[in-house]
Amino acid sequence: MLVFLTALTSNPQVPYKTTKAFPISQDYTVPANSMVIPSFYNSLHDPSIYPEPEELYPERWLDPEGSANQNPKNYILFGSGPHRCIGIEYAMMNIALVLATASTMMNFEHEITPLSGEVE
Ligand code: HEM
């Protein structure tokens, strides 16, 4: 059996095989010997964790007590559990370095839009 924890349009993650049946929600238990493919998209667009998930609200990560920070299991971009990405620290530092380099070497122009005032 193949279980997609995902919508068809979303990005699948690494496939897993279940060695025993286990419940993934109150009304569904994945049978043993199934392939389970988690989804970044559904996990990162869960409105109970990320209100208005389609909106860019970076400040949702600023509050340590906020729902985004209080539910680290939803942030499966680097996987979770024993096989969580071992390159996460390197990757995050590299991304910060690229952004820092870009911010010093590139010229940015702030284009005012009707929504600009809504960004905190
Ligand atoms: C933005 C960059 C990266 C992303 C989004 C990413 C994401 C992931 C994900 C989703 C997994 C699977 C976790 C799982 O199976 O549950 C993984 C595993 C892994 N990643 Fe990354 N990764 C990144 C960068 C890197 C880098 C830079 C390295 C090495 C220098 C690396 C090394 C690994 C290794 C070795 C595994 C397998 C871990 C295991 O099976 O125990 N990754 N990564």
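Arginine 60 touches Tyr50, Pro51, Glu52, Pro53, Glu55 and Ala68, once residues up to four places away in sequence are set aside. In this predicted model, arginine 60 belongs to the loop between helix H1 (40-44) and helix H2 (67-70). Arginine 60 is buried and yet has no salt bridge, the nearest side chain of opposite charge being that of glutamate 52, which is 7.4 Å away.

Which backbone oxygen atoms, then, lie by the polar atoms of the arginine 60 side chain? One belongs to proline 51, whose backbone oxygen lies 2.8 Å from a polar atom of that side chain, and another belongs to glutamate 52, whose backbone oxygen lies 3.3 Å from a polar atom of the side chain of arginine 60.

Glutamate 52 is itself found in the loop between H1 and H2, and its phi is near 50 degrees, a positive value in a residue other than glycine. Most residues other than glycine have a negative phi.

Asparagine 33 has its place in the loop between E4 and E5, and with a relative accessibility of 53% it counts as exposed. Serine 34 lies in that loop as well, between strand E4 (28-30) and strand E5 (35-38), but serine 34 is buried, since its relative accessible area is 0%.

What is the spatial relation of serine 34 to threonine 18? The two are 16 residues apart in sequence, and their C-alpha atoms are 5.3 Å apart in space. Threonine 18 lies in the loop between strand E2 (16-17) and strand E3 (22-25), and because its relative accessibility is 5%, it counts as buried. Leaving out residues up to four places away in sequence, threonine 18 touches Val30, Pro31, Ala32, Asn33, Ser34 and Val36, a set that includes both the exposed asparagine 33 and the buried serine 34.

On the surface, Trp61, Tyr75, Leu77, Met92, Ile95 and Leu99 form a nonpolar patch, with about 560 Å² of accessible area together. One of these residues, methionine 92, has its place in helix H3 (residues 88-105), and it counts as partly exposed because its relative accessibility is 42%.

These local features can be set within the protein chain, whose secondary structure comes to three helices and five strands, with the elements running β-β-β-β-β-α-α-α from the N terminus on. Of the 120 residues of the chain, 20% count as buried. The accessible surface of the chain comes to about 9,700 Å², and 62% of that surface belongs to carbon and sulfur atoms. Among the contacts in the chain with a separation of 6 or more, 47% are accounted for by residues 24 or more positions apart.

Terms used: Residues are numbered from 1 along each chain as its sequence is written. This is a predicted model: local features need pLDDT of at least 70, side-chain atom pairs count only at pLDDT 80 or more; totals for chains, interfaces and linings use all residues. Side-chain values use heavy atoms; hydrogens and water are left out. Patches are made of residues with over 30% relative accessible area and no salt bridge: like charges are joined within 9 Å, nonpolar side chains (Val, Leu, Ile, Met, Phe, Trp, Tyr) within 5 Å. Accessible areas come from the Shrake-Rupley method with a 1.4 Å probe; for residues, only the protein chains shown count as cover. A salt bridge is a side-chain nitrogen of Lys or Arg within 4 Å of a carboxyl oxygen of Asp or Glu. Helices (H or I, at least four residues) and strands (E, at least two) are DSSP runs, numbered from the N terminus. Buried means under 20% relative accessible area, exposed over 50%, partly exposed in between (1.4 Å probe, protein chains only). Lys and Arg count as positive and Asp and Glu as negative; His and the chain ends are not counted. A polar contact is a pair of N or O atoms within 3.5 Å; within protein, one must be able to donate a hydrogen and the other to accept it, and residues adjacent in sequence count only if both atoms are side-chain atoms. Contact means heavy atoms within 4.5 Å.
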